Amino acid sequence: MPSFLFLEAICIFLCSRVSPSLSLQEVHVSRETIGKIAVASKLMWCSAAVDILFLLDGSHSIGKGGFERSKHFAITVCDALDINPERVRVGALQFGSMPHLEFPLDSFSTRQDVKAKIKRIVFKGGRTETGLALKHLLHRGFPGGRNGSVPQFLIIVTDGKSQGSVALPAKQLKERDVTVFAVGVRFPRWEELLELASEPKEQHVLLAEQVEDATNGLLSTLSSSALCTTADPDCRVEAHPCERKTLETIRELAGNALCWRGSRQADAVMALRCPFYSWKRVFLSHPATCYRTTCPGPCDSQPCQNGGTCVPEGVDKYHCLCPLAFGGEVNCAPKLSLECRIDVLFLLDSSAGTTLEGFLRTKAFVKRFVQAVLSEDSRARVGVASYSRELVVAVPVGEYQDVPDLVRILDNIPFSGGLTLTGSALRQVAEHGFGSATRTGQDRPRRVVVLITESHSQDEVAGPARHARARELFLLGVGSEAVQAELEEITGNPKHVMVYTDPQDLFNQILELQRRLCSWSRPGCQVQSLDLVFLLDASASVGPENFAQMQSFVRSCTLQFDVNPDVTQVGLVVYGSQVQTAFGLETHPTRAAVLRAMSQAPYLGGVGSAGTALLHIDDKVMTIQKGARPGVPKAVVMLTGGSGAEDAAVPAQKLRSNGISVLVVSVGAVLREAVRRLAGPRDSLIHVAAYTDLRYHQDVLIQWLCGEAKRPVNLCKPNPCMNEGTCVLQNGSYHCECWGGWEGPHCENRVLRGDALKAHSFHQEPEGQQPTPSQQASGHLRI
């Protein structure tokens, strides 16, 4: 018989026996929520009378590693169980080729004994006979259990690759009121887990590889049946989108390759192009819903300010990752202080109208305030009281050991609920809120009541508020927009009310509250109008760490000014490889916003030009178009390391000629001649030896700025007229003479005149429409 060759090239790549599918489960939530799920799994406790049997897959497909993870999951679940013969009983059964009872439910009476026994269970191996194990339970029941007199829970931990049918025995078990949890391990077959699990399936199918998530899911389902509780009453079971992923191996055509086939002719082969395949693994996703318990976390109140990141540490602790300029401060907050001699009583609304959430937010605000402003050297004393139907003084003014002690007491103040009797609380505060001291005049510190509320009072407030003010209590109100009018009635002055627009905005009021508490005695030029621009050297000669010192310094200086569009406006420019306006004069209308923006100013590096930066301020920052106000004193404070100042003398003189004061703060051991020339005829220069010494020169800088704010102002400097208009002083005011087809108060409007009007009319007016008689008479048309 003639021989022939039969060679098949594709035999190398045809792998029809594909490896088993791989699976994963993912809950689609933020990293913060994943952390909350893990924490909540440790806050749940199950003490109802139930029988729980772990059915552990000990077959070869699980492997020793998978079996150890199954045991770890079972031990973690036991941490939440009140194991006791009268309450929760736990047993375990391992199955492979045959079921094997590890210990019945009545063997151990303590959690420690059960966990120790589970840890000692030895992996047996064998086939995956899940159905046989279920039939064993159908015939013999829960070993050591209470014969169905209490709820029965079967927790099957398996890879779902049974070598027999599981549908019928699982159905029969569930018909006997056994609740079945199917917990996958390794890379389970989801279809079988869904067959095993009780309804609703999505609350009874879990993955042991993610042990804290699986424990949370199991206990959340038990909590919905009132069998388990959480340590925190504010914990909630919520539905989250999730997906179960299967890693499938698929065949993909990669191209063609030359191959040889046998021919009908003797001793001949035939060359062909045969398909060339490759194998590729892809995830196939199956959307689902996962139910998990989350509890309020230490980062919920967003304690980290100025762009800081809150990192939770367990149930009630956290730490802040702060931007460079705020790295040394608590919660990344600007370092504040209450330097005035003052007694402050925080009066917190604890009524039902404020709600528990609002009360917790109020406590967090006071907590952050005292942490930010109180120190061992502080002359201020603080007290805390809450009210609903009655007034409760939790912390009498000054009666605490230190700030941590004050914070601990704050944390323990309970929510009362009930009526909102603000008027009654004010009257009681006026009589007893500050103790029985009878000191008067200068011997007694100023007494301030800070009322924080989100709900309208259910009693009359005007009379009690007048009574409190008559007893020389200074009332400040902090509240939502809904109660603004009532707070104005209570304080007697709209300027004594601080309103927040949303919950997070409340925490932005800390700086403003600190300012108002001490503004009556604070030195400086709080009420002087000023347009102020800080210019920071962000070049490579300064470096990022020293640039952060500059940022901290200008933030500290800004705290001394009343930043708002009617008093002080602040802008910031940085220069290095380029000149950049970090924010203009009209960008941020509040001091808190300015402080946040200062911390976010970019470090540029590169070679800087101080002269170019000063010209940038003259052309693009200190202008009417960019928010500069005519008739308001203007100042530029330039902080530099000295490099790049060679071209700055002429631009600095140009600014001064335009009525803008320039102060140079030079940092470095040696004062460069180029910097000395910048000082100008009035020697506007502060020399600082090192960046860490900047803080010691703040008072000199503030004094200089306050002096500049009081200097006479030329209304025409800098020129308020745009488009090359001429500013003319007249009777204590000014007007702009406009040229080249411009008009308006500041020459801001373009006009067409003469022939231009005719051309405009001819080309722009719709058919049948002519300029009005008044336009024709005036000979111009505005566009």
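Buried here means under 20% relative accessible area. The legends below describe close-up views of a predicted model.

View 1. One side of E3 carries Val50, Ile52, Phe54 and Leu56, all buried.

**View 2. The parallel neighbours of strand E3.** E3 pairs with strand E4 (residues 88–95) in the parallel sense, and 8 bridges join the two. Within this pairing, Arg89 of E4 stands opposite Asp51. E3 also pairs in the parallel sense with strand E6 (residues 152–158), over 6 bridges. Here Phe54 has Ile155 of E6 as its bridge partner.

**View 3. The crossover from E3 to E4.** Helix H2 (residues 63–78) belongs to a β-α-β unit together with E3 and E4. The unit is right-handed.

**View 4. The largest cavity.** Searching the whole structure gives 4 cavities of 30 Å³ or more. In the largest cavity there is about 50 Å³ of space.

**View 5. The centre of the largest pocket.** The largest pocket holds about 1500 Å³ of space. Its lining is made of 43 residues, and those closest to the centre are Pro296, Gly297, Pro298, Asp300 and Leu360. The residues of the lining divide into 21 nonpolar, 8 polar and 14 charged.

**View 6. Helices and strands around the largest pocket.** Helix H8 (355–373) supplies at least two residues of the lining, and its 10 residues are the largest share. Two further helices, H1 (31–40) and H13 (503–507), each supply at least two residues of the lining. Strands E12 (309–313) and E13 (317–321) likewise each contribute at least two.

Technical notes:
Residues are numbered from 1 along each chain as its sequence is written. This is a predicted model: local features need pLDDT of at least 70, side-chain atom pairs count only at pLDDT 80 or more; totals for chains, interfaces and linings use all residues. Side-chain values use heavy atoms; hydrogens and water are left out. On a 1 Å grid over the protein atoms alone, a cavity is a set of points where a 1.4 Å probe fits but cannot get out, and a pocket is an open set with protein on both sides within 12 Å along at least five of seven lines; lining residues have an atom within 4 Å of a point. Grid points are joined across faces, edges and corners, and a volume is the space filled by probe spheres set on the points. Helices (H or I, at least four residues) and strands (E, at least two) are DSSP runs, numbered from the N terminus. Ala, Val, Leu, Ile, Met, Phe, Trp, Tyr, Cys and Pro count as nonpolar, Asp, Glu, Lys and Arg as charged, and the others, Gly among them, as polar. Buried means under 20% relative accessible area, exposed over 50%, partly exposed in between (1.4 Å probe, protein chains only). Two strands pair if DSSP finds at least two bridges between them. A crossover is right-handed if, with the strands pointing away from the viewer, the path from the first strand over the helix to the second runs clockwise.
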